[in-house]
Amino acid sequence: MVPNETLMRRLRGLAPGDRAAALDAAGEVAAKELDGAWPLWAHRGQMPPDDDWTIWVMLAGGGCGKTRAGAEWVSARARAVPEARIALVAANPDEARRVMIEGRAGLFAVARDGEERGRMTWEPSLGRLRLASGAQAFVYSGASADSLRGPEHHFAWCDELPKWSQAKDAWDNLMLGLRAGVRPQTVVTTTPRPVPALHAVLA
């Protein structure tokens, strides 16, 4: 049973210690259901804008839940568009794997249940993650702009864009290939850093 909004409001109203105690008392199954009800408990900055958009930038400091929000958004798009090709772009392939795929708030962590997680296949040698729905996510490096020249994607998740050593060219190539499907979209999760590439995206 998915937690309802009334329950969520009650939990939010509890002091942190009381909330933890209530979740412990509810048991592991209930806690997992609660964790999976992402739209009910995510804060406003972790949810996509309501209007029609192409680029959504989550610009905030560490610990505010950017990675979880990015992974949840990718997972939701994969479920909604099973044929989707999704670009995962980080400063380098190791960071993409460590943060976006295998991280504490990455794509494996936000899988809805053990069955969904079990149907996900990560192929590091190919830089490809097959999600449970059949959608595919491909890892790219912001240090290798040419790798983004040519491939087409429905969606993209870009992490820490200011750390990409070829940020401008990688971003431009990504945008040229973001043309599959009805409404291509890109999420950027990043901490604020005064670099020209980020200023250009925000503009």
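Which residue in β6 is the bridge partner of isoleucine 86?

Modeller: That would be phenylalanine 155. Before going further, bear in mind that this is a predicted model, in which local features need pLDDT of at least 70 and side-chain atom pairs count only at pLDDT 80 or more, while totals for chains, interfaces and linings use all residues. Residues are numbered from 1 along each chain as its sequence is written, and side-chain values use heavy atoms, with hydrogens and water left out.

Now the strands around that bridge. β2 covers residues 85–90 and pairs with β6 in the parallel sense over 4 bridges; pairing takes at least two DSSP bridges between two strands. Helices (H or I, at least four residues) and strands (E, at least two) are DSSP runs, numbered from the N terminus. Zooming out, β2 and β6 belong to an open sheet of 7 strands, ordered β1-β7-β6-β2-β5-β4-β3, with mixed pairing. β1 (55–59) and β3 (121–123) sit at the edges with a single partner strand each, so one side of each lacks a neighbour in the sheet. From one strand to the next, the twist averages 15 degrees.

Trp56 and Met58 make up the covered face of β1, and Ile55, Val57 and Leu59 the uncovered one.

Next, the helices. α5 packs on the sheet, where it touches β1, β2, β6 and β7 (185–190), and its direction makes about 165 degrees with that of β6. Contact here means heavy atoms within 4.5 Å; axes are lines fitted to C-alpha atoms, for helices over the stretch in contact, and angles run from 0 to 180 degrees between N-to-C directions. α5 spans residues 66–80, 15 residues in total, and reaches 21 Å from first C-alpha to last, close to the expected 21 Å, that being 1.5 Å times one less than its number of residues. Its buried residues include Ala71, Trp73, Val74 and Ser75, where buried is under 20% relative accessible area, exposed over 50% and partly exposed in between (1.4 Å probe, protein chains only). α6 (residues 93–101) lies across β2, β3, β4 (128–130), β5 and β6, at about 110 degrees to β2.

Back to isoleucine 86, then. Ile86 is one of the residues touching the most other members of the largest nonpolar core, which has 32 residues; Leu88, Leu107, Met120, Leu129 and Trp157 are the others. A nonpolar core is a set of buried Ala, Val, Leu, Ile, Met, Phe, Trp, Tyr and Cys residues joined through side-chain atoms within 4.5 Å. β1, α5, β2, α6, β5 and β6 each supply at least two residues of this core, and α5 gives the largest share, with 5 residues. Leucine 107, leaving aside neighbours within four places in sequence, contacts Ala71, Val74 and Ser75, as well as Leu88, Met100, Ile101, Met120, Leu129 and Trp157. A second, separate core has 21 residues, among them Ala91, Leu148, Ala156 and Leu198.

One last point, on the cysteines. There are 0 disulfides, counted as pairs of cysteine sulfur atoms within 2.5 Å. Cysteine 158 has its sulfur 17 Å from the closest cysteine sulfur, in cysteine 64, too far for a bond. Cysteine 158 is buried at 0% relative accessible area, whereas cysteine 64 is partly exposed at 27%.
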